[in-house]
Amino acid sequence: MDITTVTLNHYIALSVLLFCLGTLGVLVRRNALLIFMSIELMMNAVNLMLVAFSHYKADLAGQVMVLFIYAVAAGEVAIGLAILIALFRHIKNVDINNFNIMKG
Amino acid sequence: MADYLYLIPLFPLIGFLINGLLGKKMGKPMVSMVGCLSVGAAFLVALLSFNELLKLDPEHRQLINTLWTWMAVGAFQVDVSLLLDQLSGVMILVVTGVGFLIHIYSTGYMHEDESYWRYFAYLNMFVFFMCCLVLGANYLVMFVGWEGVGLASYLLIGFWYQGMENAVAGKKAFVVNRIGDFGFALGMFLMFWTFGSLSYFDVFPKALHMFEQGHLMLNAPVMVAICLLLFVGATGKSAQIPLYVWLPDAMAGPTPVSALIHAATMVTAGVYMVARSNVLYTLAPTASLVVALIAAATALFAATIGILQNDIKKVLAYSTVSQLGYMFIGVGVTAYWAGIFHLMTHAFFKACLFLCSGSVIHAMGGDQDMRNMGGLAKKMPITYVTMLLATLAIAGIPPLAGFFSKDEILWRAFTYPYFPVMGKIIWFMGTLGAGITAFYMFRLIFMTFHGEFRGTPEQARHLHESPPSMTVPLIILAVLSVTGGWLGIPHLIGHALNHHAPIPNLLETFLNPVFEHSERIVALKGKIYHYSHWLEWSLMGLSVAVALGGIAMAFHIYIRRYHELPARLARKYAIHYQLVYNKYYVDEIYYYLFVLPIYYFSLFLWKIVDALCIDRVGVNGPAWLVRRISVGTSLIHDGYMQTYGAYMLLGLVAMLAFFLGYR
């Protein structure tokens with residue numbers, strides 16, 4: 001296999017890398033905004049995978065689905081940011097270590 | 001036909017309820033009236049029904065009043081049923097009659113007590129339960145009364161509960177009685193197991209029938225066991241060795257209570273029970289012998305303790321234990337009527353003695369120590385004369401009551417048909433005890449009423465004769481102590497006094513139908529020896545001589561040489577003196593033998609078994625374990641979303657690894 005050729009495996013590898021980076025970000029970051037961004041990263045890793053498979057299997061359904069996901073994600077982001085702003089207004093902070101009032 | 005018998009226990013019950021519930025607000029005159037009238041009414045009804053009993057044909061003298069069926073389980077049926085026959089008739093007259101007199105006496109004796117109403121409520125309750133005990137037509141109703149009088153006794157011993165020793169004495173009486181009652185209950189179980197019933201009308205005929213058919217041997221083990229178990233109950237209630245220890249301590253209660261409950265009526269319940277079960281005891285001669293031997297030992301043993309007691313009521317208490325021994329000798333040697341006879345005469349003279357001692361204590365301002373008394377005869381003539389008469393009666397001086405009853409018992413012991421040799425031993429112990437009785441009773445009289453007054457000047461000023469409410473019962477009881485014995489004049493004397501028309505032995509003739517089956521069995525199975533009249537006369541003379549000897553000795557020691565002889569004798573026989581003075585250390589022996597082991601065993605059960613094993617290991621242990629585990633596992637739940645996310649991821653990876661690896 002030619003090293004310069006971009007194959008499906010490269011996409012998968014990149015996608016997994018992005019997903020893991022996003023997961024890591026979610027787990028270790030304390031800033032709610034950055035966690036939020038990491039979640040976006042994970043989602044985009046999945047979208048990338050969908051597009052890649054769609055291309056290699058010559059099936060447009062995957063790309064259509066990505067468009068739908070973006071539409072839904074836009075709404076979700078709006079809600080998520082709204083929650084964050086509401087939280088910030090309450091405790092003047094976006095450090096998730098402060099968000100533990102549900103602890104048993 | 002006798003459907004009013006229930007009124008006898010009902011009146012005291014009503015009195016108890018009124019005094020117990022409303023007495024506090026009623027005021028003393030009203031409480032006295034309710035208390036005395038309820039018992040007086042019971043006495044009246046008892047007299048009426050007794051009169052009706054007398055009208056019946058002697059062979060069928062029974063009044064039965066069945067109230068309701070208490071319980072019916074399969075073949076087992078118990079009725080709440082009352083029976084008045086010759087035996088319970090005599091008993092109920094003694095109980096309600098003496099009880100009535102003592103209620104009247106109590107209105108004088110207790111008039112300054114602040115818990116006056118409580119006292120009369122308890123006293124009425126006692127009479128109610130005593131009537132149940134006596135009138136019950138089966139062992140279960142008797143047992144209810146038996147337990148009830150125990151409760152009343154406990155409440156009245158600890159009546160002045162502010163004093164610790166009174167409360168302790170009450171508790172001791174209750175616990176000791178419980179041991180006896182346990183035996184009684186076992187006896188009843190065994191009786192039901194053997195005869196399938198607890199009713200007098202079933203058990204006794206059935207036992208006789210089985211005996212006559214040859215299904216039940218004389219001395220059958222089961223009969224001996226029943227009788228001995230019932231007797232265990234009697235030793236508790238009637239203060240015989242080994243359970244007599246509670247009675248002397250029971251003197252902590254008010255003196256009229258000592259007279260009514262711990263001398264005249266309740267403590268004789270055991271004698272009544274044995275006499276009632278006479279058929280069973282006659283069919284188990286070994287058990288009867290045990291009864292008689294224990295009784296003789298008690299009679300002698302308690303009499304010796306009485307010699308050195310200084311508390312006037314303690315002397316009378318040991319005297320009661322001793323006299324109860326005589327009654328049990330009577331019922332033990334199958335002379336049931338003689339036991340009941342002595343029960344009756346003893347109720348008269350011992351109630352009189354106790355009430356006199358109460359009168360003395362009243363005059364002494366609560367002091368009971370005879371060493372502080374002396375010379376009271378001049379100050380309290382009525383008390384002195386009545387007490388002297390009762391003392392002569394208990395000492396066995398003819399023609400007073402005690403002579404006839406005690407002598408009949410001793411004579412019947414001498415001629416014990418089942419065990420002639422043992423009978424002689426019992427007779428000897430009884431006669432010796434009679435001499436000692438005369439000695440210590442006259443020691444009491446001499447120390448209390450003769451010589452010079454030894455109390456404080458303040459007490460001397462306070463000395464006075466008691467009010468009529470107290471002296472009238474004394475006089476009535478003293479008259480009964482003198483005349484009560486004439487109901488049971490032995491045939492020998494009856495013949496000697498009048499050859500042509502012998503004075504009949506009224507009580508024996510009257511009671512005979514109750515005991516006739518037993519008499520028949522004894523005549524069939526016992527060895528009847530014929531003793532000459534000469535022997536009977538000489539034994540009679542001997543017991544009078546012994547009694548006079550005891551009196552003379554008491555006179556010599558406590559009147560003529562009171563200043564030096566008692567002290568010198570105490571020094572000379574120091575060891576014996578200490579032994580008797582400390583009541584043979586029986587309380588101490590019981591303490592180390594039974595109380596302490598049980599105490600430590602209970603402590604072990606409490607500290608080790610309950611507190612350690614059950615509470616700490618069994619109950620708190622699992623709780624502690626769960627708590628420790630949950631403290632560890634609850635660290636997982638730190639409340640950080642990221643930690644939960646990490647767990648999710650870990651779980652996801654693990655599942656993935658598992659399924660991939662599995663495939």
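Visitor: How far apart do the C-alpha centres of domain 1 of chain B and domain 2 of chain B lie?
Guide: Glad you asked! Keep in mind that this is a predicted model. The domain assignment places domain 1 of chain B at 138–551 + 572–581 and domain 2 at 585–662. Chain B's C-alpha atoms fill a box of roughly 130 × 75 × 55 Å along the principal axes. Between the C-alpha centres of the two domains, the separation is 61 Å.

Visitor: What pLDDT does chain B average?
Guide: For the complex, the predictor gives a pTM of 0.81 and an ipTM of 0.74. In chain B, 100% of the residues score at least 70, and the average pLDDT is 90.

Visitor: How many residues of helix α11 of chain B are buried?
Guide: A residue is called buried when 20 or more other C-beta atoms lie within 10 Å of its own. Across chain B, 49% of the 663 residues are buried. In α11(B), the buried residues include A269(B), Y272(B) and R276(B). For this helix, spanning residues 269–276, the count is eight of eight.

Visitor: Which residues touch the most other members of the largest nonpolar core?
Guide: In soluble globular proteins, nonpolar side chains tend to be buried together. The largest nonpolar core here has 210 residues.

How values were computed: Residues are numbered from 1 along each chain as its sequence is written. Chains are lettered from A and ligands numbered from 1 in the order in which they are written. This is a predicted model: local features need pLDDT of at least 70, side-chain atom pairs count only at pLDDT 80 or more; totals for chains, interfaces and linings use all residues. A residue is buried if 20 or more other C-beta atoms lie within 10 Å of its own, exposed if 12 or fewer, and partly exposed in between; C-beta atoms are placed from the backbone. Helices (H or I, at least four residues) and strands (E, at least two) are DSSP runs, numbered from the N terminus. Domain bounds come from an automatic or database domain assignment. pLDDT is the predictor's confidence in each residue, from 0 to 100. A nonpolar core is a set of buried Ala, Val, Leu, Ile, Met, Phe, Trp, Tyr and Cys residues joined through C-beta atoms within 7 Å.
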